[in-house]
Amino acid sequence: MPRQDQLTLRLPSPVQRLNDERFKPSGIELFLKRDDLINPEIPGNKWRKLVYNLAAAQKEQHSTLLTFGGAYSNHIRATAAAGYYHGMTTIGVIRGEEHKPLNDSLQQAVNYGMRLVYIDRTTYRHKTDLAFINGLHEKFGDFYLLPEGGSNSLAVRGCAEIVAELDEPFDVIASACGTGATLAGIASALSPHQRALGFSALKGGTFLNDAVSAFHDRSLSNWSIETRYHFGGFARRTPRLDAFIADFYARHEIALEWVYVAKMMYGLFDLAAQGSLPAGSRVLAVVTG
Ligand SMILES: *Cc1c(COP(=O)(O)O)cnc(C)c1O
């Protein structure tokens, strides 16, 4: 049974022009696609990645969602919230040991009714093995399996709607990358003259080139990934990044999410300063969370 308290979604997510003098010399126009405003409980692209999976789970008459993530995973929390609002049981398989008190992200997941199960890091690496998944079924019965980060072909389809929602032309569409599913979805929906530009939030992000390709059922050459703006690695930050976030807030009153979005934004400003973005182009940066 769906809950009485309904999920309110702001779709299509708003597009806003960002007036920033640093883009003036190149004549680049920067716009933000505010996916962070879709819903306060299910951040940005996590909603897009879940929506077709939820429909599939319900169509296949599953009443439980099971998924994987680290202790700070936005996807875990988003799945817990989505399950709550869709009247589905949720199980989060968490990498590593339990730490009490729970961090905010996991505590919120529990508040939405998610059952947390911890597995050690070695076992976690085998989370896609059939034997391991069969073991989970023996323990938990029937469930709809969402992969880590919620990234699968239905998630890619959901992210393609970022582009489908646009009613103005853009030359470049930028997004931060974790698993690459969001970028894959964007690239799959572009018109011939448009390009998708990803920014890896992880160190060693070149693996994302294979990951994004694997999400496509045909080969696309309309996207690329910047791997230099990881600021030390996933969920790491530096004083330089923090200063950029503070300055951005002072100029625009937008608090950039630091794990992904701020790294993309920093990268865009840096590329613009280097003259690496086409002069006079219209750039849309997706604020994924
Ligand atoms: C999860 C997340 C991403 C990464 O999306 P992928 O599809 O895994 O590349 C980007 N931004 C935010 C804010 C996220 O929470």
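A: A polar contact is a pair of N or O atoms within 3.5 Å; within protein, one must be able to donate a hydrogen and the other to accept it, and residues adjacent in sequence count only if both atoms are side-chain atoms. In G178, a backbone N or O atom is 2.7 Å from an oxygen atom of the ligand. The side chain of K46 has an N or O atom 2.7 Å from a ligand oxygen atom, and for T179 a polar side-chain atom lies 2.6 Å from an oxygen atom of the ligand. The protein buries 98% of the 390 Å² that the ligand exposes when taken alone (accessible areas by the Shrake-Rupley method with a 1.4 Å probe; for residues, only the protein chains shown count as cover).

The model is predicted: local features need pLDDT of at least 70, side-chain atom pairs count only at pLDDT 80 or more, and totals for chains, interfaces and linings use all residues. Residues are numbered from 1 along each chain as its sequence is written, and side-chain values use heavy atoms, with hydrogens and water left out.

There are 14 residues around the ligand, and K46, G178, T179, T182 and T288 come nearest (near means a heavy atom within 4 Å). Helix α1 (44–59) and helix α7 (181–188) each supply at least two residues of this shell, and α1 gives the largest share, three residues (helices are DSSP runs of H or I, at least four residues, numbered from the N terminus).

The ligand lies between domain 1 (4–43 + 151–286) and domain 2 (45–150), because both give residues to the shell; the bounds come from an automatic or database domain assignment.
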